[in-house]
Each structure stands twice: as structure tokens, then as C-alpha cells.
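Dear colleague,

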Amino acid sequence: MKKEFSARPETITEEYCKACGCSWQAFVTAMPSLLFVVTGWKKNGKENACLQSWASFVGDGADDFVCVMRLCGRHAQKSLKRTKACVLNFPSNDILDRCSKTIGNNQWETDEITASGLTAEKATKVNAPRIKECFLNIECELLWRHKGWVAVKAVNICMDSDCFDGDGLGRYGKAGYVFNIDQPTHPETGVITPFPGPAIIVPGDPVEWNAK
């Protein structure tokens, strides 16, 4: 039996949502969202790195690939506003612990990529650093900003050739994309289902696509 929730359940407090920085809908739906690191330059020339989730990627037309996200970091917001450019860096599971350290290594005078045990390298098309260890880097230019939300357009893609197909590392499993899952919360009891995240994609059973 389906139940509907158009307002925040009392079991999920407003204070909890504010502390976690997420809406109550995020905890009720518990949708997986890609994890990646947004990188740019701070005004003082230091590296900026912001671990990010809750973004949407969409292709429109032959050459338009756009990411819409609510950019979390204060430095990242200022950097993107000033330079109009960033890189989206996608880690595999084995370096996620170092990417997580960018959250704490966010001081103004800190090279945030280097301080987290990662390697910064020059982007090819935009004025922003890339993370060398990430298997995929998408260099982007700013399209628009609105109340913390931003849209960026891909202008260059750099991918580890070992991830091109399943004969190598591929783009899925432990060597590929990593997903964040906000704590799955029972909307009636408030009980959180433990999830041993982060999540990765594993192959499922084949499904015949038949639109008739």
C-alpha cells in the first residue's frame, strides 16, 4: 500500500535537516547521487576542492552536456563566480577517503587538493585544476547561477583509458562511479536503515526493452 507525504513527517525534525543540510525528502526517498569533487582556483591562487553530491547531468543536442547542482562550498561558489570555470572530478572507491579530506582541508591558505594527498594538474580547456587520480575529469564553463544553484557545461572530457570498457577497469563496480546515499529514514518511525555506503553499480539481470 502506498502512502503519500506532502509535508515533513514529525519523525524527521527540522533541526536534523538543517544540521545535515538536506531536505526531509532526501531522507525519505534515499535516492543515490553521484559523488564527485568540484575544483577551481581561489582568488589567492590556491587550489579549491569541494566534495559534491546531489547533482543532475543531462545531455541536450549533439554537443550540450550540462550539470546542475547546488554547490556546497563557499570557496567553490566564489571561485566559480570569479573564473566562470571548474572541473568535475570523479573518484573511484579506492581514493574516496582522500577526496573526503577536502572537506576538512578547506582553509583559505591551503592547497586543498595537495593537502588531501591528491595530485593537482592543469586542465586542458579551462582555468581550473584537475585531480590526477580521478578516473574521469569533466572540464566545465559556467552557464548560470541562481540562489546557490549553478549550471555548468562540459567543454572537455578527460578519462583514464583503462576505464573505456569492461575489458579494462570499466566505469562501474569498485573501479568506477561512486554514489552517496543519504540516510534512508522510515517516514513513520524515524528509524534510519544502516547503509554500508558509499554505493557502487553492479550488473543486474538483463531486461528486454519492448515499447510495444
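What follows is an account of the pockets, the aromatic contacts and the salt bridges.

Please bear in mind throughout that this is a predicted model.

I begin with the open space. The largest pocket has a volume of about 710 Å³, and its lining is made up of 26 residues, among which Leu51, Gln52, Ser53, Arg70 and Cys72 lie nearest the centre. At least two lining residues come from each of helix H2 (24-29), strand S3 (47-52) and helix H3 (74-83), and S3 gives the most, with five residues. Sorted by class, the lining of this pocket holds eleven nonpolar, eleven polar and four charged residues.

Just after H3, lysine 84 takes a positive phi of about 60 degrees.

Turning to the aromatic residues, the structure holds eight aromatic pairs. In one of them, the ring centres of phenylalanine 57 and phenylalanine 90 are 5.9 Å apart and the ring planes stand at 55 degrees, so the pair counts as tilted. This pair links distant parts of the chain, since phenylalanine 57 is in strand S4 (residues 55-59) and phenylalanine 90 is in strand S6, 33 residues apart. Phenylalanine 57 has a relative accessibility of 23% and therefore counts as partly exposed, whereas phenylalanine 90, at 2%, counts as buried. Phenylalanine 90 also pairs with tyrosine 177, and because their planes are at 90 degrees, with the centres 5.9 Å apart, that pair is edge-to-face. Tyrosine 177 lies in the loop between S10 and strand S11 (179-181) and phenylalanine 90 in strand S6, so the pair ties together parts that are 87 residues apart in sequence. Tyrosine 177, like phenylalanine 90, is buried. Phe36, Phe57, Phe65, Phe90, Phe135, Tyr172 and Tyr177 form one aromatic cluster.

Finally, the salt bridges, of which the count comes to eight. The side chains of lysine 153 and aspartate 64 meet in one of them, at 2.9 Å from N to O; lysine 153 lies in strand S10 and aspartate 64 in the loop between S4 and strand S5 (65-70), so this pair ties together parts that are 89 residues apart in sequence. Both partners are partly exposed, lysine 153 with a relative accessible area of 26% and aspartate 64 with 31%. Elsewhere, salt bridges that share partners join Arg8, Glu14 and Lys18 into one network. Lysine 18 and glutamate 14 both lie in helix H1 (residues 14-20), four residues apart, about one turn of the helix. Lysine 18 is exposed, at 63% relative accessible area, while glutamate 14 is partly exposed, at 40%.

With best regards

Conventions:
Residues are numbered from 1 along each chain as its sequence is written. This is a predicted model: local features need pLDDT of at least 70, side-chain atom pairs count only at pLDDT 80 or more; totals for chains, interfaces and linings use all residues. Side-chain values use heavy atoms; hydrogens and water are left out. On a 1 Å grid over the protein atoms alone, a cavity is a set of points where a 1.4 Å probe fits but cannot get out, and a pocket is an open set with protein on both sides within 12 Å along at least five of seven lines; lining residues have an atom within 4 Å of a point. Grid points are joined across faces, edges and corners, and a volume is the space filled by probe spheres set on the points. Ala, Val, Leu, Ile, Met, Phe, Trp, Tyr, Cys and Pro count as nonpolar, Asp, Glu, Lys and Arg as charged, and the others, Gly among them, as polar. Rings of Phe, Tyr and Trp (its six-membered ring) pair if their centres lie within 6.5 Å; planes under 30 degrees apart count as stacked, over 60 as edge-to-face and the rest as tilted. Buried means under 20% relative accessible area, exposed over 50%, partly exposed in between (1.4 Å probe, protein chains only). A salt bridge is a side-chain nitrogen of Lys or Arg within 4 Å of a carboxyl oxygen of Asp or Glu.
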